[in-house]
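The structure comes first, and the notes follow by topic.

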Amino acid sequence: MRITDLMIQETMIMDLQATTKDEAIDELIASLNKSGRINDPVLFKEMIYKREAESSTGIGGGIAMPHAKTSAVNEPTVVFAKSKNGLDFAALDDEPAHIFFMIAAPEGAGNTHLRTLAALSRLLIDSDFIAQLMSTDTPAEVSALFDAKQEEAAEKEAAKEKAKAQKAAKAASEADSAPQQTPGVIVGNENSEDFVVAVTACPTGIAHTFMAEDALKKKAQEMGINIRVETNGSEGAQNVLTADEIARAKGVIVAADKNVEMARFDGKPVLQRPVSDGIRKSEELIRKAVNGDAPIYRSQGGSNVKEDGASASKMSVGSKIYKDLMNGISHMLPFVVGGGILLAISFLIEQLAGEDNPLFQLLQTIGGGTGAFHFLIPVLAGFIAMSIGDRPALMPGMVGGLMAVNSNAGFLGGLAAGFLAGYVVIGLRKLLRGLPKAIDGLKPILLYPVLGLLIVGAISYYVFDPIFGSLNTWLVDALGNLGTGNAVLLGLLLGGMMSIDMGGPFNKAAYTFAIGVFTSSGNTDGAWMAAVMAGGMVPPLAIALASTFFKSKFTEQERKSGLTNYVLGLSFITEGAIPFAAADPLRVLTSCIIGSAVAGGLTQLWSINVPAPHGGIFVAALANHALLFLLAVAIGAVISGLILGLWKKSPTVVK
């Protein structure tokens, strides 16, 4: 497939009018939407910004490649655009971007399309080619240039394959037996003894993965150094490194923004850097790898790789704690949702058929205290621990979480046990570092499990469980005895927190607090879940109402996207409001926080309980006052929608 099959001329923008990054993204998305290549501009924009939040797609050299892989895309498409004056796209080299490629890939993109996108990414490493693109004036010239360049690349690849086949045939005829086949291609100088291996990977696996691969190969060839590069793209791992290649390499480069298989690099000098460094700092990485100027990777016992200073300093203590906590919560949520909804259905059956009904008893067993809900805190603690200390920390973390459940230390005790287990394993790794190398193999299968479990179990038993058990009992009793006024205030706070960052730390803090009380109160008190769920449903519903009744304040694209927020809001998916909040944070967030706080407060004023941790309108019937719950949500949404509609400025039309 040709690149120009995806880079269609009707979507090209030869004179981009945008002067800011946000305007550029909007203009590129508008071109996609106009041509019918996407079906949900709001969702697509949300995914574009989600990728930008991980690292800027302004790769430097005057190029920006915003991209997303989502169900909002109908057909794989690349929008080409040029800006004569350039604009600040937060590029890696701090230079303005002049050439833009917005890549839209559907979730089920075929291998042919993905390989074509990879081919596009590789072409952009060539500075001469970029200069030629800058001199184009029409879409036809752009297409012709890409076709010629891709044909040239194909001819070179064919010549390489022919030479490789001839060399292999000659070697086979001279050997007594067939030689061992090594997958992939080693690039560099055949006479050089300097050999390094690398892995490149980015979250979407569409662009940066392959640009980093080509940048490393090109620079290695210039330096006369042999290199083998494995890519972890959308098609999975390609050109996978062999054990022999890893053993022969003087160093390993991991230029990745997502997890890759690391245990195979045990004992090797490993540089861990963002994938963008593979593109822009390829010479530095190769030189360090050849010189062995990197921490030695040890796979026993954890995430194990000590990052070099350049990347280690990028994550603050607060960010690290948040990342570890989110790892636990993300693994816990399937148990919360699955078990919680089955429990909620069981309560409905109990009301209709009584507690002796076999279906009620079945659903209670599957979803309740001996089923899915029994695992909430152990899973939370285990995966917090695993995020910190990797697999050896999982078991002591889960056991510490289970002890918290059995001792009534609950959610707070589980949190403490998870963080304790992770750092205990890190401490053990450092403590046992001086042991003879002959017993290294015993560490992950004997020493870490036994010592880690003993330390975590003892501290949990003698310290955490008594302290957090008493605190948890006090908290549940205090919440149960709150007067109406105090309960309303807490409902206001929890509801408002659900809108502050819509899926971020404040949102998750409110949700996990409600889950903690929900699980600690016998799975029957859903008062705080009512406040949290109502607060989380308000933002997308408010966006939908505002875009429906204040049409002049929204673009046509925003009005269409606003309709999807009716469904998202009713389903308790707060994140549907994120694209609107990103475009106008002051007005959208302020409006939504006010309405969410009102909705959360009303649930407590009216003593509403929702015995399910997720589901929105689909579990509203299970509330003790279902109509009042829906009324609280509706009042909050209308308040937010009115404030936003009246406050928001009309869109500026770019001609």
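The model is predicted. A search of the whole structure finds 15 salt bridges. The largest nonpolar core has 42 residues, and another core, of 29 residues, lies apart from it.

**Salt bridge within one helix**

- Glu222 and Lys219 are 3 residues apart in helix 6 (residues 208–223), so about one helical turn separates them.
- The two residues form a salt bridge, with the closest N and O atoms 3.0 Å apart.
- Glu222 is exposed, because its relative accessible area of 52% is over the 50% cut-off.
- Lys219, with a relative accessible area of 22%, is partly exposed.

**Salt bridges between separate elements**

- Glu52 forms a salt bridge with Lys21, and their closest N and O atoms are 2.7 Å apart.
- Because Glu52 lies in helix 2 (residues 41–54) and Lys21 in helix 1 (residues 21–34), the pair ties together parts that are 31 residues apart in sequence.
- Both Glu52 and Lys21 are buried.
- Arg264 and Glu230 also meet through their side chains in a salt bridge, at 2.7 Å from N to O.
- This pair links distant parts of the chain, 34 residues apart: Arg264 is in the loop between strand 9 (251–256) and strand 10 (270–273), and Glu230 is in strand 7 (residues 226–233).
- Arg264 is partly exposed, with a relative accessible area of 25%, whereas Glu230 is buried at 2%.

**Surface patches**

- Leu442, Ile445, Leu446, Val450, Leu451, Leu454 and Ile455 make a nonpolar surface patch of about 610 Å².
- One of these residues, Leu446, is located in helix 16 (residues 442–480).
- Leu446 has 42% relative accessibility and counts as partly exposed.
- A patch of negative charge on the surface gathers Asp88, Asp93, Asp94 and Glu95.
- Asp88 sits in the loop between strand 4 (77–87) and strand 5 (97–105).
- With 57% relative accessibility, Asp88 counts as exposed.

**Nonpolar cores**

- In soluble globular proteins, nonpolar side chains tend to be buried together.
- Within the largest core, of 42 residues, the residues with the most contacts are Val532, Val610 and Phe629.
- At least two residues of this core come from each of helix 11 (317–353), helix 13 (376–389), helix 15 (410–431), helix 17 (484–500), helix 18 (505–520), helix 19 (527–549) and helix 23 (626–647).
- Helix 19 gives the most to this core, with 10 residues.
- The core of 29 residues, apart from the largest one, includes Ile59, Leu123, Phe146 and Ile279.

**Residues far apart in sequence**

- Thr512 lies in helix 18 and counts as buried at 7% relative accessibility.
- Ser596 and Ala534 are 62 residues apart along the chain, and their C-alpha atoms are separated by 7.0 Å.
- Ser596 belongs to helix 22 (residues 585–605).
- Ser596 counts as buried, because its relative accessibility of 0% is under the 20% cut-off.

- Ala90 is not a glycine, although its phi is positive, about 55°.
- Ala90 is found in the loop between strand 4 and strand 5, the loop that is also the place of Asp88.
- Ala90 counts as partly exposed at 43% relative accessibility.
- Asp390 is another residue other than glycine with a positive phi, near 65°.
- Asp390 is in the loop between helix 13 and helix 14 (391–406).
- The relative accessible area of Asp390 is 23%, so this residue is partly exposed.

Key: Residues are numbered from 1 along each chain as its sequence is written. This is a predicted model: local features need pLDDT of at least 70, side-chain atom pairs count only at pLDDT 80 or more; totals for chains, interfaces and linings use all residues. Side-chain values use heavy atoms; hydrogens and water are left out. A salt bridge is a side-chain nitrogen of Lys or Arg within 4 Å of a carboxyl oxygen of Asp or Glu. Helices (H or I, at least four residues) and strands (E, at least two) are DSSP runs, numbered from the N terminus. Buried means under 20% relative accessible area, exposed over 50%, partly exposed in between (1.4 Å probe, protein chains only). Patches are made of residues with over 30% relative accessible area and no salt bridge: like charges are joined within 9 Å, nonpolar side chains (Val, Leu, Ile, Met, Phe, Trp, Tyr) within 5 Å. Accessible areas come from the Shrake-Rupley method with a 1.4 Å probe; for residues, only the protein chains shown count as cover. Lys and Arg count as positive and Asp and Glu as negative; His and the chain ends are not counted. The place of a charge is taken as NZ of Lys, CZ of Arg, CG of Asp or CD of Glu. A nonpolar core is a set of buried Ala, Val, Leu, Ile, Met, Phe, Trp, Tyr and Cys residues joined through side-chain atoms within 4.5 Å.
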